[in-house]
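Here is a short briefing to read alongside the model you have open.

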Amino acid sequence: MGNKRILVTGGGGFLGSRLCEKLLELGHEVICVDNFYTGAKRNIYHLLDDPRFELIRHDVTFPLYVECDEIYNLACPASPIHYQRDPVQTVKTCVHGAINMLGLAKRLNARILQASTSEVYGDPRIHPQVEEYWGNVNPIGPRSCYDEGKRCAETLFACYRMQCKLQVKVVRIFNTYGPRMHPHDGRVVSNFILQALRNADLTIYGDGSQTRSFCYRDDLIDGLIRMMATPDGVTGPLNLGNPEEFTILQLAETIIELTGSGSKIVRKPLPADDPRQRRPDISRAERLLDWHPTTPLRQGLEATIAYFRQLLREDPGFCLQEE
């Protein structure tokens, strides 16, 4: 295989920055592209002195002209708070961003991986979710800018595959957590940890019986790298996530325990279009990638809690500012 020059869009983000690290550890050159809408420079500061690492501040809704062997397209706000703030831009990032990266891959004859999402399944009517399921998505709801944007991106990847014979890979990422999560992304893990560390009430929407599966960051990144390395005939879409299912109430209670917090649990009304269940069927990934997440939830939460403790010490203003 040899060392490659690899482009990572969204490389300053929670997942992208860890992917950049892992690719450098494997001996590759990495071009990190981010406009820092939700990514953070702090996530990649430690990489800037590496001669094999290059940072480009760029918005993927505009064409990009670089040379590379592979492209990981991770660029897009991934939490409802961020992607709903500018829904038009979210659709553009999903769709125009995919078109621009696919065009680049076509010009270079480069292999390209799309970071899609479990949100393409919407509020699923089957459980667990398999890749053949077409989803139950509201096309004009508050989450549609992201859900339908990512669905359209998958369509574009399929079209470039069929029409241009491009080497494409599509993965559908389920809930992922870990160090470098944005403190204001509104996701349940980061929300609960910050609330617990401040001894504030933990907010649960509905009765807390809705379920999620939580995949640790490093397990997910391993899956992405394995998917990129598969033969050309393996295109996806492929579910990547942890099939172990927890209720939101269980998550809240575990975080209170691990932080030693005096927080109480309070309940608020369930948001519109919030999925009741979300759990991946990863049998295809197990078969094709020989991949399965290995980090237990408690272990991953401990590492994530340690990250937020440090962030609170180093930059409490950033960590606790109101959105």
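How many bridges join β1 to strand β2? There are 5 of them, and β1 and β2 (residues 29-34) run parallel. Please keep in mind that this is a predicted model.

**Strand β1 and its neighbours**
- On the β2 side, L7 stands opposite I31.
- On the other pairing, 4 bridges link β1 (residues 5-9) with β4 (residues 70-73), and these strands run parallel too.
- Within β4, E70 is the bridge partner of I6.
- Because 4 of the 5 residues of β1 are buried, the strand is largely enclosed by the rest of the structure.
- Together, β1, helix α1 (residues 14-25) and β2 form a β-α-β unit that is right-handed.

**Helices against the sheet**

**Nonpolar cores**
- The largest nonpolar core has 60 residues, and the members that touch the most others are Y72, L224 and F308.
- Helix α9 (residues 297-314) gives the most to this core, contributing 7 residues.
- Leaving aside residues up to four places away in sequence, Y72 touches a set that includes I6, L7, V8 and T9, as well as L113, L224, I225 and M228.
- There is also a second, separate core of 31 residues, among them V33, I56, L102 and V168.

**Cysteines**
- Searching the whole structure turns up 0 disulfides.
- For C76, the nearest cysteine sulfur belongs to C94 and is 3.5 Å away; because a disulfide needs the two sulfur atoms within 2.5 Å, C76 is in none.
- C76 is buried, at a relative accessible area of 14%.
- C164 is likewise in no disulfide, with the nearest cysteine sulfur, that of C159, 9.2 Å away.
- With a relative accessible area of 26%, C164 is partly exposed.

**Backbone details to check**
- Which loop holds P128? P128 sits in the loop between β5 and α4, and the peptide bond from H127 to P128 is cis, with omega near -5°.
- Another cis peptide bond runs from G236 to P237, with omega near 5°; P237 lies in the loop between α6 and β11.
- R180 is not a glycine, yet it has a positive phi of about 80°.
- R180 belongs to the loop between β7 (176-177) and α5 (188-197).
- Is R180 buried or exposed? R180 is buried, with a relative accessible area of 16%.
- D290, also not a glycine, has a positive phi of about 50° and is found in the loop between α8 (283-289) and α9.
- D290 counts as exposed, at 63% relative accessibility.

Conventions:
Residues numbered from 1 in each chain as written. Predicted model: local features only at pLDDT ≥ 70, side-chain atom pairs only at ≥ 80, totals over all residues. Heavy atoms only, no water. Buried < 20%, exposed > 50% of the residue type's maximum accessible area, 1.4 Å probe, protein only. Pairing = 2+ DSSP bridges. Helix = DSSP H or I, 4+ residues; strand = E, 2+ residues; numbered from the N terminus. Core = buried A, V, L, I, M, F, W, Y, C linked by side-chain atoms within 4.5 Å. Contact = heavy atoms within 4.5 Å. Right-handed = clockwise from strand over helix to strand, strands pointing away.
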